[in-house]
There are 4 protein chains.
Amino acid sequence: MTSRLITIVAGVGGGTGASIARKFSAKYPVVLLARKPENYESIAADINASGGKAIGISADVSDAASLQRAVEAIKQEFGADVGAAAAIFNASGGFMRKPFLDVSPDVFQSSLNVSAMGGILFSQSVLPLLLKGVELKSEHPPSLIFTGATASVKSSAQMSSFSTGKWALRALSQSLAREFGPQGVHVAHAVIDGVIDTPRTKEWLKDMPAEAKLSADGIANDYWWLHTQPKTNFTWEIDLRPAVEKW
Amino acid sequence: MTSRLITIVAGVGGGTGASIARKFSAKYPVVLLARKPENYESIAADINASGGKAIGISADVSDAASLQRAVEAIKQEFGADVGAAAAIFNASGGFMRKPFLDVSPDVFQSSLNVSAMGGILFSQSVLPLLLKGVELKSEHPPSLIFTGATASVKSSAQMSSFSTGKWALRALSQSLAREFGPQGVHVAHAVIDGVIDTPRTKEWLKDMPAEAKLSADGIANDYWWLHTQPKTNFTWEIDLRPAVEKW
Amino acid sequence: MTSRLITIVAGVGGGTGASIARKFSAKYPVVLLARKPENYESIAADINASGGKAIGISADVSDAASLQRAVEAIKQEFGADVGAAAAIFNASGGFMRKPFLDVSPDVFQSSLNVSAMGGILFSQSVLPLLLKGVELKSEHPPSLIFTGATASVKSSAQMSSFSTGKWALRALSQSLAREFGPQGVHVAHAVIDGVIDTPRTKEWLKDMPAEAKLSADGIANDYWWLHTQPKTNFTWEIDLRPAVEKW
Amino acid sequence: MTSRLITIVAGVGGGTGASIARKFSAKYPVVLLARKPENYESIAADINASGGKAIGISADVSDAASLQRAVEAIKQEFGADVGAAAAIFNASGGFMRKPFLDVSPDVFQSSLNVSAMGGILFSQSVLPLLLKGVELKSEHPPSLIFTGATASVKSSAQMSSFSTGKWALRALSQSLAREFGPQGVHVAHAVIDGVIDTPRTKEWLKDMPAEAKLSADGIANDYWWLHTQPKTNFTWEIDLRPAVEKW
């Protein structure tokens with residue numbers, strides 16, 4: 001027999017996706033999506049070694065066919081009637097902080113491809129599984145959670161190659177929350193308003209206290225909290241930031 | 001010996017304040033503030049009967065002297081060095097939904113007195129206790145939480161006697177979050193976007209499913225979640241609403 | 001015979017109110033409201049000397065009886081059937097930028113008295129005159145315009161004695177826009193996001209180019225533009241700021 | 001000798017682009033961009049017949065090479081040192097209001113191609129001309145204006161194929177306003193919050209008064225007003241809606 005309710009996490013290259021996957025693996029088998037196996041292999045191994053279950057699938061969220069193959073692989077693994085208890089979109093397109101006229105159209109396009117189209121295509125791929133999770137009477141309402149950033153709510157100078165995609169993603173989240181909430185799926189958006197403490201940011205903010213960075217495990221806890229909210233009390237958006245940050 | 005970390009809840013007349021008090025009483029002695037003893041007596045009795053500790057104090061949040069007497073009564077009960085782990089402002093001024101020119105200035109004034117000045121005076125009264133909670137190394141960052149409403153973010157026609165006070169309260173929350181976060185106090189605002197299921201609203205929305213109202217206990221869970229966030233991951237604002245509501 | 005359509009400006013002490021009064025005096029007799037005669041006398045004299053018509057009335061916008069007397073004085077002067085083509089609320093309560101716990105409750109109260117209750121009482125006093133303006137077929141839709149500030153949309157640390165009142169005023173404007181727009185009155189709010197160039201701010205930002213301050217006459221032009229919008233194209237809110245300001 | 005300051009309008013198929021072009025043609029030669037000649041030919045003819053000057057250029061705003069050819073054609077016509085006094089982006093991608101899972105990825109992609117990438121590519125094409133307009137000491141600060149919609153600020157159920165692109169465009173506008181304001185270019189965004197009265201919408205809202213639709217000429221007046229604001233008083237965003245609309 002196969003597990004019937006899973007969690008899918010897209011974008012597990014950095015520390016946040018890994019923390020989220022580990023957190024949700026305590027209750028659900030977890031599917032890790034990333035473009036390259038090196039981005040999910042060690043996380044999957046970790047989870048499997050700790051008594052959870054995780055599989056990685058190479059997929060490009062900006063490519064509908066690639067996502068379709070991922071969904072087929074999921075059904076192969078977990079059964080055709082598999083449902084999703086949670087799906088988390090944690091991917092972001094690359095961007096450049098520099099004068100607008102110095103940024104190549106390619107940079108804007110690839111940022112939109114991941115943050116905007118990627119969010120759309122991922123949602124179209126996982127919502128049928130989340131609706132199946134409703135049917136399967138998932139203990140907690142099936143949840144679709146999007147990772148946003150400061151640039152999801154503020155569009156600073158020289159940051160439009162990031163903010164255009166992130167604003168589009170936030171619009172997607174709000175529209176889906178309105179459409180799928182009444183169908184039992186909890187759609188939420190998290191505005192991560194600061195630097196996350198990951199291997200990549202180890203050298204950042206070195207003159208600040210350790211608490212100046214967001215904890216990736218803390219973010220995972222917050223996503224888990226969103227997931228456990230009952231149908232009477234859905235949160236559509238949370239912001240998260242370190243206490244010491246200056247505004 | 002007296003308990004050194006308490007929770008203070010202002011506005012416990014309806015079901016929400018009672019749920020919050022019960023939730024926080026699992027860890028902290030709770031002080032209930034309301035204008036009239038009948039608004040806190042049965043909740044306090046309940047909590048005390050279930051193995052928690054609660055005291056009620058008659059206080060008017062729109063009156064600085066009344067709040068000062070309440071703080072003195074708290075110190076009398078719990079010791080002069082008492083700190084607060086949490087303080088929740090759940091009071092609202094009365095208002096009238098009718099044409100603007102038909103609303104008496106008194107209604108606007110009394111709404112502002114509670115929602116705006118009440119929030120300010122309550123914060124000035126409890127922040128020294130919350131800062132004392134930081135000093136006492138409260139396990140979770142001491143938290144100041146404000147209850148908002150749909151009218152905190154949208155100001156509908158004929159609703160200005162409610163929204164003016166609620167917008168002022170949200171402004172207060174954002175300013176305090178910026179000032180006191182770096183000092184270790186977590187300030188947060190909750191936009192309660194729907195009807196809460198309480199004895200008073202029993203007859204409302206009767207043609208809708210039971211899940212069409214917010215759960216008061218669910219709100220209390222969410223406030224507790226806010227309270228347990230670590231200093232690296234503070235949320236300043238959450239919205240809460242039933243999945244089935246139409247927008 | 002008396003003029004039947006007038007403009008009323010509350011808060012004419014600084015340079016902005018004076019600029020607004022002068023601008024609107026090109027078409028309408030202007031009533032200037034301020035607490036002290038020295039705040040309106042020279043502006044009124046100026047306008048009367050330049051071929052316009054202006055009268056000043058001592059009034060306290062936070063006092064309903066004082067505003068009622070002002071309305072009676074207006075009817076005495078312009079006839080009982082006078083209508084208003086425009087009413088501009090340009091008053092602000094005093095505030096203090098300092099740590100929250102060091103600000104006296106009186107400061108918060110007096111700020112709310114002017115910015116929040118003042119806006120409410122002023123609106124209740126002038127809306128009957130503006131509705132009369134609709135009846136009198138004012139060429140441009142009668143307009144009620146509120147002057148806001150950066151603190152109307154952002155509530156910074158240590159600024160809550162200003163922002164609480166300003167957020168309340170913005171809530172008022174949005175509610176009135178929804179209620180009175182369909183009745184033919186154009187309600188709008190202006191977010192003045194910077195320092196206005198007035199005698200009082202002459203020494204500010206001296207290390208910046210002259211264009212770093214907002215022009216008071218420019219603001220008056222923008223209010224006039226709002227006033228001339230037809231019923232098909234109402235703007236509820238504009239922001240105004242100098243091009244060179246840094247964000 | 002050639003004209004040295006022009007206005008460029010992208011998206012002139014509906015009534016709004018035509019109204020804007022006519023308004024700005026009173027002062028500047030106007031360049032009309034649309035994919036198909038039938039979308040600009042009659043407007044250009046109209047303007048040229050009324051004593052103004054207009055040329056149409058076939059261009060696809062979602063195609064960088066097509067826009068580059070348009071800029072070359074502009075320089076051919078008006079001289080290599082031509083500057084722009086105004087550039088208006090009035091194009092929108094197609095969209096479908098239907099359940100999210102029933103909308104083809106192609107619809108989302110083509111909406112993002114025009115509203116998001118189109119806005120980006122248009123801005124990269126015209127900003128050098130607008131900066132040249134600053135150098136040429138344009139009487140009014142050169143202006144880059146984006147046409148938004150209700151869906152630029154609210155993302156309703158089943159509307160994400162429109163809102164994702166429109167939110168991205170608004171993000172672009174805010175970022176460019178911050179970057180190019182200090183360089184003398186006025187960037188602004190207009191939230192058109194209602195149905196515009198054009199030939200295409202003639203049969204809409206027939207049970208409502210004539211004033212229930214926005215006037216396209218009114219929008220053009222408002223854009224002209226934005227264009228004439230001095231550097232001390234820039235508005236970044238206006239909303240526009242009919243007085244009678246219900247909210």
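Trainee: Hi! How many aromatic pairs does the structure hold over all chains?

Mentor: Hello! This is a predicted model, and over all chains it holds 30 aromatic pairs. One of them is formed by Tyr28(A) and Trp224(A), a tilted pair with 6.1 Å centre to centre and 50 degrees between the planes.

Trainee: Okay, and which parts of chain A does that pair tie together?

Mentor: Tyr28(A) lies in the loop between α1 (15–25) and β2 (30–34), while Trp224(A) lies in helix α6 (residues 216–228), so the pair ties together parts that are 196 residues apart in sequence.

Trainee: Is Tyr28(A) buried or exposed?

Mentor: Buried, with a relative accessible area of 5%. Trp224(A) is buried too, and its relative accessible area is 19%. The cut-off for that label is under 20%.

Trainee: Got it. Which residues do ring pairs link into a cluster with Trp224(A)?

Mentor: Those are Phe24(A) and Tyr28(A), joined with Trp224(A) by ring pairs.

Trainee: Let's hop over to chain B. How is the aromatic pair of Phe95(B) and Phe162(B) arranged, stacked or tilted?

Mentor: That pair is stacked, with 4.2 Å centre to centre and 25 degrees between the planes. Here too, distant parts of the chain are linked: Phe95(B) is in the loop between β4 (83–89) and α4 (105–135), Phe162(B) is in helix α5 (residues 160–180), and they are 67 residues apart.

Trainee: And how accessible are Phe95(B) and Phe162(B)?

Mentor: Phe95(B) counts as partly exposed, at 37% relative accessibility, whereas Phe162(B) is buried at 10%.

Trainee: New topic: how many residues does each side bring to the contact of chain B and chain A?

Mentor: Chain B gives 27 residues and chain A gives 27 residues. Together the two chains bury about 2500 Å², with 53% of that on carbon and sulfur atoms.

Trainee: What about salt bridges between chain B and chain A, how many?

Mentor: The count is two. Glu211(A) and Lys231(B) meet through their side chains in a salt bridge, at 3.3 Å from N to O. The interface also has 18 residue pairs in polar contact. On the side of chain B that touches chain A, the elements giving two or more residues are β8 (214–215), α6 (216–228) and β9 (237–240).

Trainee: Nice. Which residue lies over the face of Trp236(A)?

Mentor: Arg241(B) does, at 3.8 Å from the ring centre. Likewise, the charged end of Arg241(D) sits over the ring of Trp236(C), 3.8 Å from its centre.

Trainee: Last one: how far apart are the closest C-alpha atoms of chain A and chain C?

Mentor: They lie 8 Å apart, and no contact joins those chains. Chain B and chain D do not touch either, with their nearest C-alpha atoms 8 Å apart.

Terms used: Residues are numbered from 1 along each chain as its sequence is written. Chains are lettered from A and ligands numbered from 1 in the order in which they are written. This is a predicted model: local features need pLDDT of at least 70, side-chain atom pairs count only at pLDDT 80 or more; totals for chains, interfaces and linings use all residues. Side-chain values use heavy atoms; hydrogens and water are left out. Contact means heavy atoms within 4.5 Å. Rings of Phe, Tyr and Trp (its six-membered ring) pair if their centres lie within 6.5 Å; planes under 30 degrees apart count as stacked, over 60 as edge-to-face and the rest as tilted. Helices (H or I, at least four residues) and strands (E, at least two) are DSSP runs, numbered from the N terminus. Buried means under 20% relative accessible area, exposed over 50%, partly exposed in between (1.4 Å probe, protein chains only). A charge sits over a ring if NZ of Lys or CZ of Arg is within 6 Å of the ring centre and within 35 degrees of the ring normal. Buried area is the accessible area (1.4 Å probe) that two parts lose on being put together, summed over both. A salt bridge is a side-chain nitrogen of Lys or Arg within 4 Å of a carboxyl oxygen of Asp or Glu. A polar contact is a pair of N or O atoms within 3.5 Å; within protein, one must be able to donate a hydrogen and the other to accept it, and residues adjacent in sequence count only if both atoms are side-chain atoms.
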